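Here are a few exercises to work through with the model open beside you. Try each task before reading its solution.

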Amino acid sequence: MAHQTAVSIQTGKSSGSGTIVRQEGQTYTVLTNWHVVAFNRGDRTILTGDALLHPPLGVPRLLGDSERAIVLFRSANEYKIALFTLEPGAVSEPVLAVGFPAGAEVGALAVTLASFRCRYPNLCLKVIAWAIQMRLKSA
């Protein structure tokens, strides 16, 4: 299911990953990192798992005092919504990292299974991104 909820957010100079976390009618909400959408205003597209490009709706929104952001897009197509919990995981609980690392071939989804728990969420995002990049280099 991870490949059905992951999206690639393309900009003029780079790309990043996001996850579809909500649907309201034909409007989808994507959770991503702020650094993915903070630059290149007006020059973004969202690539979904069915290889369709979608223009974002409005301006991406920074979530509080964090590195997280949301961006919206509209589509008549039906997309899966990621299942997640806000409950803290146990130490050594498996974590699945899914995304489209910068520098990889467009649409090349990377999946990494890790087993760790992080006390600092922003650091965890950096560790997951690093794990994905290392997996791509070793493939």
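**Exercise 1.** Find the bridge partner of Glu24 in strand 3.

Solution. Glu24 is bridged to Thr27 in strand 3. Strands here are DSSP runs of E with at least two residues, numbered from the N terminus. This is a predicted model, in which local features need pLDDT of at least 70, side-chain atom pairs count only at pLDDT 80 or more, and totals for chains, interfaces and linings use all residues. Residues are numbered from 1 along each chain as its sequence is written, and side-chain values use heavy atoms, without hydrogens and water.

Next, step out to the two strands: strand 2 (residues 15-24) and strand 3 (residues 27-33) run antiparallel and are joined by 6 bridges.

**Exercise 2.** Classify the ring pair of Tyr28 and Phe73.

Solution. Rings of Phe, Tyr and Trp (its six-membered ring) pair if their centres lie within 6.5 Å; planes under 30 degrees apart count as stacked, over 60 as edge-to-face and the rest as tilted. The structure holds 3 aromatic pairs. For Tyr28 and Phe73, the centres are 5.3 Å apart and the planes at 20°, so this pair is stacked.

Conventions:
Two strands pair if DSSP finds at least two bridges between them. Helices (H or I, at least four residues) and strands (E, at least two) are DSSP runs, numbered from the N terminus.
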